[in-house]
Amino acid sequence: ADGLPIIGSAIPMLKHPLRFFVEQYHKKGAIYRVNALHKSYVVMCGIEANEFMQKKGMEHFSSKPLWDSFKDPFKADKFILASDGKEHLKLRKIMRRGNSPLMLHNRIPEVIEYTKQVVIDHGKNTDISVVRFMQKMVIDQTGALMSNIYLEDSFKELEFFTRSLMNMANSRWPKLITQLPKYRKAKKKALKISRLILEKHRNKETNNTEPDFIDDFLAANENEAFFSENDLELAALAPFTAGLETAANTLAFLLLDLLQHPESLNEIKQEVDAVFKEGFNT
């Protein structure tokens with residue numbers, strides 16, 4: 001790809017990543033190499049590359065080397081992002097029901113009431129850090145819907161712990177960070193949370209009428225010891241970390257885009273007002 005000596009393509013990648021990748025695709029084709037400072041990446045893009053990944057990806061590529069470090073703090077063996085082949089398919093099967101939209105159908109009013117209360121608690125005329133607000137919202141809602149547990153006063157440590165693992169997995173942060181007191185404190189808190197979640201589910205203390213995401217993992221061990229206790233501790237945190245970067249940032253950008261396009265925001269408000277006119281009905 002186009003770039004300068006030593007720093008390579010780092011500047012255009014940071015300034016306008018999507019524009020840069022599309023431009024290089026048109027110049028270099030479906031497969032090209034990008035150098036940025038001390039890192040080198042192979043980019044595959046376009047229709048042909050996507051079709052290849054869908055049909056042949058599992059035969060030629062592995063996510064294990066990238067995500068193996070995510071398992072280290074838990075000493076776990078099985079983690080869906082670091083699994084391939086039959087193990088990956090079995091994990092997806094175990095997680096399918098707990099991730100299904102049908103699991104949320106009867107709980108939409110609960111999510112709505114929670115969201116309203118969070119907004120009320122922030123009060124009027126107060127500044128909000130939108131990304132962190134969305135991260136907190138996503139952690140609380142997905143965690144509650146998938147594990148039937150609301151976490152209290154744990155967002156800060158959990159967010160830092162998850163972000164640290166992701167940045168180390170992607171080589172953005174050095175593994176030396178695991179020696180810092182802040183990381184050790186966050187790790188200790190995260191492990192405490194995961195063990196609490198498992199304990200409450202084993203003791204039937206979650207008040208859920210239907211088995212949830214965590215129950216499905218525990219059920220998978222009833223007939224065979226498929227998961228170790230360390231695997232289960234890692235899985236227990238999944239509902240609270242899965243959307244921390246993806247869903248939260250998407251929602252933050254969505255809100256920004258709506259505020260920049262008042263006509264679209266007004267259309268959405270009209271739709272929302274029509275839905276809630278006579279109360280929400282699932």
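**Close-up views of helix packing and nonpolar cores**

**View 1. Helices H4 and H8 pack together in this predicted model.** The angle between H4 and H8 is about 150 degrees, and their axes lie 8 Å apart. Axes are lines fitted to C-alpha atoms, for helices over the stretch in contact, and angles run from 0 to 180 degrees between N-to-C directions. H4 is therefore roughly antiparallel to H8. Angles under 35 degrees count as roughly parallel, over 145 as roughly antiparallel, 65 to 115 as roughly perpendicular and the rest as oblique. H4 passes H8 in a right-handed crossing (near helix turned clockwise from the far one by less than a right angle; anticlockwise is left-handed). From H4, Leu66, Trp67, Ser69 and Phe70 meet Thr162, Leu165, Met166, Met168 and Ala169 of H8. Contact means heavy atoms within 4.5 Å. This contact holds seven nonpolar residues, two polar and no charged. Ala, Val, Leu, Ile, Met, Phe, Trp, Tyr, Cys and Pro count as nonpolar, Asp, Glu, Lys and Arg as charged, and the others, Gly among them, as polar.

Residues are numbered from 1 along each chain as its sequence is written, and side-chain values use heavy atoms, without hydrogens or water. Local features need pLDDT of at least 70, side-chain atom pairs count only at pLDDT 80 or more, and totals for chains, interfaces and linings use all residues.

**View 2. The largest nonpolar core has 43 residues.** Such a core is a set of buried Ala, Val, Leu, Ile, Met, Phe, Trp, Tyr and Cys residues joined through side-chain atoms within 4.5 Å. Buried means under 20% relative accessible area, exposed over 50%, partly exposed in between (1.4 Å probe, protein chains only). Phe74, Phe161 and Phe227 are among the residues with the most contacts inside this core. Helices giving two or more residues include H4 (64-71), H8 (155-169) and H9 (181-202). Helices are DSSP runs (H or I, at least four residues), numbered from the N terminus. Beyond four places in sequence, Phe161 touches Pro73, Phe74, Tyr183, Ala186, Lys187 and Ala190.

**View 3. H7 and H12 (residues 246-260) pack at about 130 degrees.** Their axes are 8 Å apart. H7 is thus oblique to H12, and the crossing is right-handed. Among the H7 residues that meet H12 are Val130, Met134 and Val138. The contact has nine nonpolar, two polar and no charged residues.

**View 4. Lys200 sits in helix H9.** Lys200 counts as partly exposed because its relative accessibility is 25%. Lys200 touches Ile149, Glu205 and Thr206, leaving aside residues up to four places away in sequence.
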